[in-house]
Amino acid sequence: MKNKIIMFWVIVLIVLLSGVAIWKKPVKLGLDLVGGSRLVLEAETTASVAKITPEVMQRLQYAIESRVNKLGVAETVVQQVGDKRLLVEIPDVTDLTEAKSFIGETAQLEFKKKAKNANGVEEWVSTGLTGQDLSKSTLTTDASGQWVVSLEFNSAGAKKFGDLTEELVGQTMAIFFDGELISDPRVNEPIYGGNAQITSGGTGFSYEEANRMVNLLNAGALPVPAKIVEENTVGPTLGADSVAKSKVAGIIGLTAVMLFMLAYYRVPGLIADIALIIYSVILFALFKTIPVTLTLAGIAGFILSIGMAVDANILIFERTKEELREGRNLFTAINSGFDRAFTSIFDSNMTTIITCIILYMLGTSVVKGFALTLALGVIVSMFSAITVTKNFMHLIFGTGELKHPGTFGLRQDEIGKGYDAVETKREKARFGILD
Amino acid sequence: MINTGRKHLVHIVKFRWLWMGLTALLLIPGIIAMIYSSTIYPNHAPMKVGIDYTGGTILQYGLVEKVTNQDVAKNREALEKIGIENPYIQVLNVNNTQQEQTKSNINSIISIRTKFIDKDSTVPQQIMSVMQQEYSNPELISVNSVGPTMGKELFKNSLLALSLAVLGIIAYLSFRFRFDYALAAILGIVHDVLFVCGVFSILGLVFNVQIDGLFITALLTVVGFSVHDTIVVFDRIRENLRYYAKKMTFGEIVDASVNQTLARSINTSLTTLITLLALYFFGGVTTKDFVLAMILGIAVGTYSSIFFCSMLVDFWNDKKEQKAAI
C-alpha cells in the first residue's frame, strides 16, 4: 500500500510538471495552421555545372537564405533535404503568389564601375564581370588582423578583372549583389593573377559582416537555377479555420469517449477517464517541450490516439470483469486483469509503433507529423492506461470483496458464474491468490 | 470447458462458409470498380489518383456564396476557354458554425486541379480573373503543387512504406506467435486494404474522390489498428491453448477466444470510431477524405479480426489435422 501512495504522488508530480510546461511553453503550429508557404526546390545542372555537389548545394542554400531573409519574415527555414533539394518554409504569407517570387531570378553578383549616363549624371554601370567569373570566395584576415574577403576568379574572370582594374586605377569599383551594394573599394593598382581582396575602409568588417559577404559571394558565384518541385501554401484564413475546427472536433471526440467509458464501465470507467485527461495533459506538454510542430494531420493523429489510448483500459477492464465473474476478490481480479492483458497491449502497441517508424522514415513532412504524434501518443498511453489506472484502481477499491457489482457494470447474478480460471502456481503467487 | 459467462454470441466455426461469403460480398464490388477504373483511366490506376502522385497543381478559392452545380459547369467552361484542359473542379461546402471564432465568412471552397503550374506561369492570375467574374469576392486560400518527377518519387516511397510496414509486422508476429498466425493476420490486412481501396475506387468513379499521400497514411494506420485487433484475439487463443488444449478441440478454443474478446474488440473500435466521427463532422475540410478512409478501415478491420482471421487459423488447423489423419 505504501508503494501505491508513493506512486500516486509521483503521478501527481508528473501532471503538475506537465501543467507548468503547458502554461510556460508556446505551442508550435505548422504552416498549414498558421498559414504560410512550404516549398521544395530542386537544383538543376547547367552547361557549366554538370554535377550538383554538396558544395554547390551549400552555395545555393546561402543564396536562397539571403533572398528569403529579405522578405523580412521571422522564423523562415531553409534546409537541405536529400542530395539536391532544399526545403523552404515561410510563415505568415498573406499574398500566396508573392511568397515564391524570390526564386524567380537567379542570384546575381556584379562588378560595376561609375559612368555618366545620357543625362550626364554619374551612376554605377555593369562591367560584364559577374558571379559567373568567380571561382570562389574565402574569409581571411590581413596583416593587421582585420577580416578580409578574398576572391578567386576563374581564368576568364581573371582576365576580365585584370583589364577592369587596369582601367579603373584610382577610381572606385563596386560589388553589387542582387542590386544591393555590398562594397565599393578603391582600386589602387591593376590586379592580375585572378586574386583579389575586399577590405572595408574605416572601421573594417565585423566577423559577421565579412562572413555574410563570403557566403553571399559564394552563393552568387554559382547561380545554379532551382525549380519548384513541390509547393504547399495555405492562406491565414484557411489555417485559422482548421485550428478552430480541430479544437471543436477534439473536445467533442474526447467528451464522447469519456461518456462512453463512464456509461459502460462505471467506476473503472471514471478512473479511465481521469487517466485519459492525464494522458492528454502529458502528451500536450510533450508536444510543447520537444517541441513537435503541430500540423493538421498531426492533430488528427493526436485525436485518433485518444480513441486508441482507452484501448488498453478496455482490455484490462474486460479481463477484470471476467475474473470478478469467476468470483475472485477485487485485489486479485484487478491484478490478474492487468497482468493478463499486458501481453496483448504490448504486442498491439508494438505493431502501431513499427508502422509509425516506417511512416516517419519514408513519409513527406505531412505524414511525418502524423506518425510522430501517433507514436508519442501510444507510448504515453502505455503509462497512463497501465500505471496510472492500476494505481487508482488499487487506491479506490482496496483489497476487499466486491460488494456492489454495479460499480463494475456487473449484475449480482453474474458473479461466480465465470469460466474456470486455470493458472500455474507461479501465476497464483503473482496475482496474490490464496487457495 | 471455457465458460464465457454467457452464451456464445458469434459462431466462427459453425458458420465458416457464411463468413467466407460475407467477406467476398464486401470485397467484390470494390474489386470490380478497381478493374473497371484501371481500364478507363489513362494512367491505368485502379483509383483516381491525386496530384501527390501524378504531379499537378490544386488552387483553392474561398467563396462567400454557396456554390451550385450550374456554377461549377459555368466555371469549367470559362476555364476551358482560357486554355486549361479538362480542369477538375471540386466544391467543398463548409458548415460554417464557427464564423465568430475564425472571423471568416467563407461558405464554400472551390478547388481547381490543373496541370503543374510552373513558377513563371500566369495561369494563377488568369484563373483568379475567371473566379472574379463569377463570384463576388473570391480569396485564394491555398496552393498545392507537385512536380511530375516528384509525384513518381512520392508514389515509389508510398509503396515502399506500405510493403516495409507489412514486412515489419510479419517479422514481429512470426517472432511473437507462429508463422501461420502471422500469415492469417496479413491476409486480414490485405482484406482491409482491399476493402478501403475498393470503396475509394467507387468514390472516385462517382464523386471524383482522389487518393493522395494522406490516403496511404490512413491505410497504414488501418493496417496497424487491424493487426492490433487481430493480435488480441490470437493472444487469447494462445493463452487458452496453453490451459485447455487437451480438453477442447481447436475449433472450440477459437470460438471461445473470439467470444471472450468480443466486447473488447467492439468497444475499442467504437471509441476510436467516436473520435474519428467527431473529426469527420467537426474537423477541418482538408482532412475529410483521410478520416473517411480510416473510419472505413477501422470498421472493416474489426470485422476481419473477429470473423476473417480467426476463421482462417481454424480452417488451416482443420486441413492440417485432416492431413495428419490420412
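Start where the chains meet: select β11(A) and strand β4 (residues 139–146) of chain B. Five bridges join these strands, and they run antiparallel. Keep in mind that this is a predicted model.

Zoom in on one pair. Pick A:E230, and look across to B:V146 in β4(B), which stands opposite.

**The rest of the contact between chains**

Now widen the selection. On chain A, 66 residues are in contact with 64 residues of chain B. Which elements of chain A give two or more residues to the side that touches chain B? Select β11 (226–234), then α6 (236–289), α7 (296–325), α8 (330–362) and α9 (365–397). Highlight α6(A) in its own colour. This helix gives 16 residues, the largest share of the side of chain A that touches chain B.

Next, colour that side of chain A by residue class.

**Chain A as a whole**

Switch to a cartoon of chain A, and you have ten helices and eleven strands. Chain A has 435 residues, and 44% of them count as buried. Then look at contacts within chain A. Take those with a separation of 6 or more: residues 24 or more positions apart account for 72% of them.

**The domains of chain A**

Colour by domain next. Domain 1 takes two stretches, 2–31 and 235–431. Domain 2 covers 34–102, and domain 3 covers 109–221.

Go to the place where domains 1 and 2 of chain A touch. Here, five residues of domain 1 are in contact with eight residues of domain 2. How many residues on the domain 1 side are nonpolar, polar or charged? That side has three nonpolar residues, two polar and no charged.

**A stop in chain B**

Bring chain B back. Select helix α2 (residues 51–54) of chain B, and find B:Y53 in it. Is B:Y53 buried or exposed? B:Y53 counts as buried, because it has 24 C-beta neighbours inside 10 Å; the cut-off for buried is 20 or more.

Show the contacts of B:Y53 beyond its neighbours within four places in sequence. They are B:G151, B:L154 and B:F155.

Definitions and conventions: Residues are numbered from 1 along each chain as its sequence is written. Chains are lettered from A and ligands numbered from 1 in the order in which they are written. This is a predicted model: local features need pLDDT of at least 70, side-chain atom pairs count only at pLDDT 80 or more; totals for chains, interfaces and linings use all residues. Two residues are in contact if their C-beta atoms, placed from the backbone, lie within 7 Å. Helices (H or I, at least four residues) and strands (E, at least two) are DSSP runs, numbered from the N terminus. Two strands pair if DSSP finds at least two bridges between them. A residue is buried if 20 or more other C-beta atoms lie within 10 Å of its own, exposed if 12 or fewer, and partly exposed in between; C-beta atoms are placed from the backbone. Domain bounds come from an automatic or database domain assignment. Ala, Val, Leu, Ile, Met, Phe, Trp, Tyr, Cys and Pro count as nonpolar, Asp, Glu, Lys and Arg as charged, and the others, Gly among them, as polar.
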